[in-house]
Amino acid sequence: MTLDYTQARWNTDEDGYEPLLSEKSEETIDTDDVPLPDDLKRDSLSLPELSEPELARHYTRLSQMNYGVDSGPYPLGSCTMKYNPKFTEDVAALPSAGVHPDRSPESVQGTLELLARLESQLARIGGMDAVTLQPPAGAAGEFVGILIAKAYHESREDERTEVVIPDAAHGTNFASAALGGYDVVELPSGEDGRVDLDALEAALSEETAALMLTNPNTLGLFEREIEEIAGMVHDVGGLLYYDGANLNALLGRARPGDMGFDVMHYNVHKTFATPHGGGGPGAGPVGVSEELAEFLPSPHVRESDTGYELFEPERSIGKVHGFTGNWLVLIKAYAYIARLGDEGLADASAKAVLNANYLASRIEYDTPYEPFHHEFVASAGEQDAADVAKRMLDYGVHPPTTKWPELVSEALMTEPTEVENSRSLDQLAAAFNAVADEDRETIEAAPERTTARRIDQTEAARDLRLSWQALADDS
């Protein structure tokens, strides 16, 4: 007898394809004997009915349907899906890390010391004078940075209304500035993909609170005239804000503070290998220059004559998150930095840049903007970038970010990070090139070999189906 595992695992009901439908066994429980008032209970209740081995196998199979960085390369440009070393999980899982956040500072001196050390390390890496660890994500860090800039200007009785942002910036930059109460002035990029100094001069004024800049930018290009840019912003009384999304390209080699940046956020998931948020919990520390330190959120950690203590900076913007931030995420960032050290961090950035350039040299798609650093943006040309991405799934790899930045037509934004070796990069290149040579009909029908086929993405986003119950079950 031959068992058809495909049929056993993938079932189709009358509404269409649904993976693992046969494993969704359930049992209906009668509630007549439940000692609650009738208006507080249902007539009956359907619950999953699985034995422990069935349950374990179900979730194992479910995990195998998903692709993650533990499965293979995850080259989402700008998102920076770095591999998360397992030793950091072990450190965060130590019993001594399970500290209740309401304990007194005197009883958690080890915790406060670690936070103080991490603040110091991040400040040194970024060339900043002080750091807060409170923000729970990169986007939250951006917003905190904007609030600090706002508090700074208000303390000088200097009401400013505008934040300048390049057209290729991350969308959260625009959102953070608007949420902070500022009007957004969009800055067009120059022909080389970098900041156009003439356009910048026209955009800057006495209304400018800050210029938000990513360096290298979203095309992977380093702003070669960054010191001149900083001077122009400071000359009108504005602040220079560093979006830390691409700090992975600079680790141990260049520091935003040395370039003239006044405030920055760190994406610890992109740079220091903590788990990528997906809504949280995450962490997005913010670093500032000395003149902005008095506006940092409270509480802040500092060393005193008797140990470590929490205090409120003189003109603090207040609390932006509970307690001292997402402690266990911060432990992982600290462990990663401590394990690599200065040489390891510099080596990580070097390999990130090398890997991006190696992969770009191996693919057939055109890369219009060069020279780049840790990521590159290729163009799918006459092909639809979204179709290219779906077809790459059939070759067993995760595709890059698509359709952005809009400076590149049918963009394929790619960042392999430093962890990939030449074999996995060659595998990615082979997938790129295989799709590049295929006809429109083939890629428009993709993916064909994945658990889920092509879906209506708009409908899927608006009508999430996350229940264990069958799709046809309206209960």
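What follows describes the pockets, cavities, backbone exceptions and a surface patch of a predicted model. Local features need pLDDT of at least 70 and side-chain atom pairs count only at pLDDT 80 or more, while totals for chains, interfaces and linings use all residues. Residues are numbered from 1 along each chain as its sequence is written, and side-chain values use heavy atoms, with hydrogens and water left out.

The largest pocket has a volume of about 1,700 Å³. Lining it are 48 residues, of which P19, N66, T451, A452 and I455 are the closest to its centre. On a 1 Å grid over the protein atoms alone, a pocket is an open set of points with protein on both sides within 12 Å along at least five of seven lines, a cavity is a set where a 1.4 Å probe fits but cannot get out, and lining residues have an atom within 4 Å of a point. Grid points are joined across faces, edges and corners, and a volume is the space filled by probe spheres set on the points. Two or more residues of the pocket lining come from each of strand 2 (16-19), helix 2 (52-65), helix 12 (385-393) and helix 15 (457-462). Helix 2 gives the most, with six residues. Helices (H or I, at least four residues) and strands (E, at least two) are DSSP runs, numbered from the N terminus. By type, the pocket lining divides into 26 nonpolar, twelve polar and ten charged residues; Ala, Val, Leu, Ile, Met, Phe, Trp, Tyr, Cys and Pro count as nonpolar, Asp, Glu, Lys and Arg as charged, and the others, Gly among them, as polar.

The structure also holds three cavities of 30 Å³ or more. The largest cavity has a volume of about 100 Å³, and the residues that line it include P166, R194, L213 and E223. Its lining is made up of five nonpolar, five polar and two charged residues. The second largest cavity has a volume of about 60 Å³. Among its lining residues are L115, E119, P299, H300 and V301, and helix 4 (109-126) and strand 12 are the elements that give two or more residues to this lining. Four nonpolar, four polar and one charged residue make up the lining of the second largest cavity.

P299 also belongs to the backbone exceptions. Most residues other than glycine have a negative phi, and most peptide bonds are trans. The peptide bond from S298 to P299 is cis, with omega near 0°, and P299 lies in the loop between strand 11 (286-288) and strand 12 (300-304). Another cis peptide bond joins E370 and P371, with omega about -5°; P371 is in the loop between helix 11 (327-362) and strand 14 (376-379).

Positive phi values occur at A273, near 60°, and at F323, near 55°. A273 is in the loop between helix 10 (268-271) and strand 11, and counts as buried because its relative accessible area is 0%. F323, in the loop between strand 13 (307-311) and helix 11, counts as partly exposed because its relative accessibility is 37%. Buried means under 20% relative accessible area, exposed over 50%, and partly exposed in between (1.4 Å probe, protein chains only).

On the surface, V34, L36 and L40 form a nonpolar patch with about 270 Å² of accessible area together. V34 is found in the loop between strand 3 (26-30) and strand 4 (44-48). Patches are made of residues with over 30% relative accessible area and no salt bridge, with like charges joined within 9 Å and nonpolar side chains (Val, Leu, Ile, Met, Phe, Trp, Tyr) within 5 Å. A salt bridge is a side-chain nitrogen of Lys or Arg within 4 Å of a carboxyl oxygen of Asp or Glu. Accessible areas come from the Shrake-Rupley method with a 1.4 Å probe, and for residues only the protein chains shown count as cover.
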